[in-house]
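Hi,

Here is the structure I promised to pass along. My notes on it follow below.

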Amino acid sequence: MLTIERFAAELYAFAGSVTGAERAAARTCLADALACAAAGVGTPAHASAAAAMGDLDRGGDTQPVTVWFSGTRTGVLAAAYLNSVAVSAHDLDDGHRGAIGHPGGAVMPAVLAELELTGSTVDPLEAVAVGYEAALRIAQARDPARFERTATGRWGSYAAAAASWFVHGDPPATLAHALAHAGSLAPQLAPPDPRAVDGIKEGTPWAVVAGLMAARLARARVPGPLYLLEREDAYGPGDLDRIAARHPGTVTESYFKRYACCRWIHPVLDRLADMYPGAP
C-alpha cells in the first residue's frame, strides 16, 4: 500500500474519533486565526489581493461565501484565498515547530468556506483537527536536511483538501486522491528568497485554493498521483513511516505569537522587553 493510501485510512479513523482535548485545542486555534484575520483584513496586502481576485470573481450579494470582516461575499475559492491572506497578513498566525510553518492560515479559511458553502452540520472543530492532522503529519515527517523550501504553501494544501473532504462527507477513497492532488498542486515550486519581499506570505493562500480544488478533482473521480510521497525528495529512509494519524492530534501542538514576526526573533524581543519594561 502506498503511503498516501495508508495515511488516508488512518486519517479517516482519526476523523471519527476526535477527542475533547483536540476539540478544545482546535477552538483556541480558530479563535487565534479569526483574531489575526480581523487585524489583517485592513492591510494593503488584503486590499491588493481583493482587487486582483476581483478580475476572477466579481462577488456580489448572491455569492455564497463571506470574506471575513469585510461585509462582502464572493465565490468559495476567492473567499478562502482572501481569508487566508487576512490570517497571515501580519505574520501573527499560529505555528508548528515540527512542520516549520503556520497551519491556521491554511486550515481555517478552508473549513469555514466549505461549511458556509455546503451548510454542513459537521462539527467545525473536528474539521479543524482533521485539517491540522493531515498537513502537519506530512510536513513534520520531512528531513530538513533534504529540502530547501520551508514555506507553508508547500504543505498547506493537504490541510485544505482534508478539511474539504471532511465537511463534504466524502467516502474514504476520495481522501487519498484529494491528498495526492493537493501535494501535486501545492504552490511555490520555485520559492522566493525568504530574506526578500514575498507579497503573499509563504504561498499559503494559494495552498488553500490548491487544496480545495484538489478535493473537487477527487470528488469528480479524477485519479490523483497516489505515489506522490514516494517520489518526494524531502523524505529519507524511514521518514514516510512517520506519516501517521494518531492521538493526541497535532492540533494540540501549535504555538501562538506575541509578536508580528517569525518566531526566530521572538527571544530577542523578549529580552528587549525585559531590558526596557516601560517601552511601548
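Helices α6 and α8 (172-185) each give at least two residues to the lining of the second largest pocket; helices here are DSSP runs of H or I with at least four residues, strands are E runs of at least two, and both are numbered from the N terminus. A pocket is an open set of points on a 1 Å grid over the protein atoms alone where a 1.4 Å probe fits, with protein on both sides within 12 Å along at least five of seven lines, and lining residues have an atom within 4 Å of a point. This pocket has 18 lining residues, with Arg149, Arg154, Tyr158, Gly183 and Glu232 nearest its centre.

A word on the source: this is a predicted model, where local features need pLDDT of at least 70 and side-chain atom pairs pLDDT 80 or more, while totals for chains, interfaces and linings use all residues. Numbering runs from 1 along each chain as its sequence is written, and side-chain values use heavy atoms, leaving out hydrogens and water.

Tyr158 also turns up in the largest nonpolar core, 79 residues in which Leu11, Met108, Tyr158 and Leu179 touch the most other members. Such a core joins buried Ala, Val, Leu, Ile, Met, Phe, Trp, Tyr and Cys residues through side-chain atoms within 4.5 Å, buried being under 20% relative accessible area with a 1.4 Å probe, protein chains only.

Finally, α4 (residues 76-88) has 12 of its 13 residues buried. Among the elements covering them are α2 (20-40), α3 (44-54) and α9 (204-219), where contact means heavy atoms within 4.5 Å.

Best wishes

Key:
The expected span of a helix is 1.5 Å times one less than its number of residues. Buried means under 20% relative accessible area, exposed over 50%, partly exposed in between (1.4 Å probe, protein chains only).
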